[in-house]
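Trainee: I would like to go through some labels used for this model and see what each one rests on.
Mentor: Put up the structure and ask.

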Amino acid sequence: MDTPGFGIMTAPMQVDYADVLRVWREADAIPEIEHAWLFDHLMPIGGDPNGPILEGWTLLSALAAHTERLRLGVMVTSNRFRPPAVLAKIATTVDVVSGGRLDFGIGVGSRPDHPLARREYAGHGLPYHDTAHAVGSLAESCTVIRRLWTEEEPFDFQGKYHRLTGAFGNPKPVQRPHPPILVGGRSSATLRVAAEHADLWNIPGGDLDDVVKRSALLDRYCTELGRDPASVTRSIHLPVSYDHPGPTLDAIGAAVDAGFRHVVLGLPAPYPDGVARWVADELVTPSS
C-alpha cells in the first residue's frame, strides 16, 4: 500500500442506529472512502454516561448487510469482553455476511486510567484483570482465533489464559487464509503482540513524535522476530472537526509523511447531512 487509504469511524454512542446506517450507506457509495469502523464499548465513554450506546459486533453485522463495498471492522475489539473462540465465530459470521470485507481489529481492552471505560466491566459482570494478564490473554487469543479460522481439524489449546477442548470453526471466513488482523494499541507489550500477529497496527493520533517512536519500536520487534517490518501496515486514528478541518489535514499530512498508509477519520456525532461526501471532498481528496 503506497498511497494512503482513508476510512471513517462512527462511535455508536449518543446516536441512533438510523444515524450510523445513513452515514455508512452514504460512504459505501463514495470510492474515496475505503473502510468504515465502529468501536467496542458497552457504556458511553463520552457525553451523557447514561446515554444510548449500541454493541459493536452486532451493529457491524447489520451494517455489513446494508453495504456492498466498504471494508469494515471494530476499532478495536476489547479482548476482555468475549472468549476468543466466541469472538472468532462472531467475526467469521460478519465476514460471511459482508462477502469477505472484514478487517478484524482487536486490542487489550479498556485502559485502566479511563474511569468511564472501567465501569462497563463491573456493570456487565466482567472481570478486569491486570495488564500482564490482559496482554498475555490477547496474544493467546490471536493464536486461537487464527487457528479456528484456518485449521481443518478440531484441536485442543492449553494456554496460560485460555483452554479449549475440541475447538473447531465451521464455516471458515470468506477471506483466505483469514481476514486481515489489525492490532490496536501503543504500549510496548501490545506492540510485541502486533509484531507477531498483526497485518495492520493502529494507534490513536495525537502526539506524532510519540506515534513515530512507537512505530520504530514495532519495527524493532518485527526484526527481532525475523519479520519484515514493512509487512505490518501502519494505521492511525485522527479526530475530525467539521468546523475546523485544517488541523486534521495537517495531521493527515504528517502521519502520511511518517509512513502511515491507513488513515481512520473519527467523526463526532451528531453527523451532518452529507458528512461522508464532506470527508471525501475536504479531507481525503486534498490529502491524496
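**Labels and their grounds**

Mentor: Keep in mind that this is a predicted model. Start with the second largest pocket, whose lining has six nonpolar, five polar and two charged residues.

Trainee: How large is the volume of the second largest pocket?
Mentor: The volume is about 240 Å³. The lining has 13 residues, and those closest to the centre are N79, R80, H129, S137 and H162.

Trainee: Why is the contact of E32 and R277 called a salt bridge?
Mentor: The cut-off is 4 Å between a side-chain nitrogen of Lys or Arg and a carboxyl oxygen of Asp or Glu; E32 and R277 are at 3.4 Å, N to O, so the pair qualifies. E32 lies in the loop between α1 (17-28) and β2 (33-38) and R277 in helix α9 (residues 275-287), so the bridge ties together parts 245 residues apart in sequence. E32 and R277 also belong to a network of salt bridges with D281.

Trainee: Why is E32 called partly exposed?
Mentor: Buried means under 20% and exposed means over 50%; E32 has a relative accessible area of 30%, so it falls in between. R277, at 34%, is partly exposed as well.

Trainee: How do you know that R192 and E224 form a salt bridge?
Mentor: Their N to O distance is 3.8 Å, which is within 4 Å, so the label holds. The pair links distant parts of the chain, with R192 in helix α6 (residues 188-197) and E224 in helix α7 (residues 208-224), 32 residues apart.

Trainee: What makes E224 exposed, while R192 is partly exposed?
Mentor: E224 has a relative accessible area of 51%, which is over 50%, so E224 is exposed. R192, at 43%, lies between 20% and 50% and therefore counts as partly exposed.

Trainee: What is the distance in the salt bridge of E151 and R147?
Mentor: It is 2.6 Å, N to O. E151 has a relative accessible area of 26% and R147 has 24%, so each is partly exposed.

Trainee: How many salt bridges are found in the whole structure?
Mentor: The search finds 12.

Methods: Residues are numbered from 1 along each chain as its sequence is written. This is a predicted model: local features need pLDDT of at least 70, side-chain atom pairs count only at pLDDT 80 or more; totals for chains, interfaces and linings use all residues. Side-chain values use heavy atoms; hydrogens and water are left out. On a 1 Å grid over the protein atoms alone, a cavity is a set of points where a 1.4 Å probe fits but cannot get out, and a pocket is an open set with protein on both sides within 12 Å along at least five of seven lines; lining residues have an atom within 4 Å of a point. Grid points are joined across faces, edges and corners, and a volume is the space filled by probe spheres set on the points. Ala, Val, Leu, Ile, Met, Phe, Trp, Tyr, Cys and Pro count as nonpolar, Asp, Glu, Lys and Arg as charged, and the others, Gly among them, as polar. Helices (H or I, at least four residues) and strands (E, at least two) are DSSP runs, numbered from the N terminus. Buried means under 20% relative accessible area, exposed over 50%, partly exposed in between (1.4 Å probe, protein chains only).
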